[in-house]
Amino acid sequence: MALAAIYLRLSRNEQELDIDEILNSHRNALIKLAKQHKLTYDLYQEISSGVNTERPQLNLLLSKLDQYDHLLVMDIDRISRENAYAEQIKQMLILNDVKILTPSGAIDLSQESNEMLFSFQAMMANFEYKQIRKRLGRGRLAAAEQGRWTMSNKAPLGYEKDKNQRLIIVEEEAKIIRHIFQKTLERVSANEIARQLDTLGWRSRSGKVLTTSHISSARKNVVYRGVVQACRRVNNRIVDEVFVEDAHEAIIPKQQWLEVQKILEENKDKKFFDKKKANRRLQNLIYCNCCGRKRYIQYDGKQDFIKSCSYKISNNTCKDRGHKYLPVEDYVLQKVKRRKEEFETALQKLKSLDTTDVENQFSIQRESLVKQLEKFERRERNLKEMRMDGEISKTEFVEMKEENGEQIKQILQQIELIEIQRENLSNTDEEQERLEYNIQTLDKLDELEPEDCNTFLKTFIKKIHFSSNAIANHNTRNGEEQEVTIEIAWL
Ligand SMILES: [Zn+2]
């Protein structure tokens, strides 16, 4: 059975008749209407005085809007005064698929003419949208707005609360957080980090072992870059959000935090991370040049072998044939060693402070991100329109909007990272150190343990695209030798 909300409101200003009597007759009319439409209903009613503009019952109703299919009111033309929030409430009703019923007829907001919508605005005239925000959860959110930690009684690991509810660093715990972020930058998996922390004897505040899921959530937590983020949810949907930068001292510098998010985003399928020790130099780096999937290396009893690709996308199967692994590794390592010259040139440039090329590169990256951002913002507008026109359902809308919002957030983070990097161009000490380290390491590349070599390669290789350019079949290894494709995507 469909569920309706009945909303009744009378103002004390109506003196002509006995107010209880009017309220009674209105209530009866709307209950009758609900019965006619076979609706179960919740009743919201309030009597306001002229001075008092708060509408607690209406606020309550709006906060539960997604539970209802219909809103039953007496008359939408009745109340009329200018109100800036009427449009937002109208959208709330449309997005929640709530139809309005009055004794004189139904109003479907997604289909009615502008005239009716205007009437509806008038109906909501007295409603003070700001009141909702103030009334519901205002205490916490207002405190968060001042940079205080109010979302839970406990401070997150690495911090404690001072008497003003601000977070201050607890050095003994902060080292754990720094370790987690540092290791993630080195592309160590959450599993492996958990193991390391356990070995080091670094535990949670209550002495428990820090699990993989602790680590996964810690490295996404904005609190560690000095942000207080708080939100208020109504029926699991975020209705209000606060985001304050520099609310407290960061344990992880913003740039590093953003770099970690980028790595996590790039490796959402977790395959980039080592699940166990890498025993091959190119472990987790080889991807299929035909279908984009990761290629696996296996020891076949005689030698290491890149397995044939057998990934299926709907009806298309990728059948790129396998290949001996070692020649591919040799080829890549040769290419990598040739990077030394580039590193040296980059280092010299940095030393002479000619950063034009790097700056140009940042500009290009930024431009492309901005274009992507525009695309997703356009999509968001389209989604709203599609929802208004009834082309997609409420559930579809919410899902797609959240997905799209996530993309926008990612891109904004990447843009921010580039901007910080660009600002840091003049301060190049760290980059110089990195290049010097790379140059030195390249000289002794062959002496490195496979695992260390793998870690080192991952600091500047994003992916190696590989294809044997032959189709896998039963005599896989007897076929004619084809020219293989090996393309390295540098970070
Ligand atoms: Zn493939």
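1. Basis of the values. The model is predicted, so that local features need pLDDT of at least 70 and side-chain atom pairs count only at pLDDT 80 or more, while totals for chains, interfaces and linings use all residues. Residues are numbered from 1 along each chain as its sequence is written, and side-chain values use heavy atoms, with hydrogens and water left out.

2. Cysteines. A search of the whole structure returns zero disulfides, a disulfide being a pair of cysteine sulfur atoms within 2.5 Å. Cys288 is buried at a relative accessible area of 1%, and Cys453 is buried at 0%. Here buried means under 20% relative accessible area, exposed means over 50%, and partly exposed lies in between (1.4 Å probe, protein chains only).

3. Salt bridges overall. The search of the whole structure finds 18 salt bridges, each defined as a side-chain nitrogen of Lys or Arg within 4 Å of a carboxyl oxygen of Asp or Glu. In general, side chains of opposite charge can pair when their charged atoms come close.

4. Glu416 and Arg225. These two residues form a salt bridge whose closest N and O atoms are 3.8 Å apart. Glu416 belongs to helix H14 (residues 394-423) and Arg225 to the loop between helix H9 (212-218) and strand S8 (228-234), so the bridge ties together parts 191 residues apart in sequence. Helices (H or I, at least four residues) and strands (E, at least two) are DSSP runs, numbered from the N terminus. Glu416 is partly exposed at 22% relative accessible area, whereas Arg225 is buried at 6%. Both residues also belong to a network of salt bridges that links Arg225, Glu245, Lys254 and Glu416.

5. Lys337 and Asp446. The closest N and O atoms of this salt bridge are 3.0 Å apart. The pair links distant parts of the chain, with Lys337 in helix H11 (residues 325-337) and Asp446 in the loop between helix H15 (429-443) and helix H16 (450-458), 109 residues apart. Lys337 is partly exposed at 26% relative accessibility, while Asp446 is exposed at 53%.

6. Lys340 and Asp443. The side chains of these residues meet in a salt bridge of 2.9 Å, N to O. Lys340 lies in helix H12 (residues 339-351) and Asp443 in helix H15, so the pair ties together parts that are 103 residues apart in sequence. Lys340 is partly exposed at 25% relative accessibility, and Asp443 is exposed at 52%.

7. Helix H15. This helix has 15 residues and reaches 22 Å from its first C-alpha to its last, close to the expected 21 Å at 1.5 Å a residue; the expected span is 1.5 Å times one less than the number of residues. Its buried residues include Gln432, Leu435, Asn438, Ile439, Thr441 and Leu442. Among the elements covering the buried residues of H15 are H11, H12 and H16, where contact means heavy atoms within 4.5 Å.

8. Strand pairing. Strands S10 (residues 286-288) and S16 (residues 461-467) pair in the parallel sense over three bridges, pairing being counted if DSSP finds at least two bridges between two strands. Cys288, the buried cysteine of point 2, stands opposite Phe466 in S16. S16 is also joined to strand S17 (residues 485-490) by six bridges, and these two run antiparallel. In this second pairing, Ile464 stands opposite Ile488 in S17.
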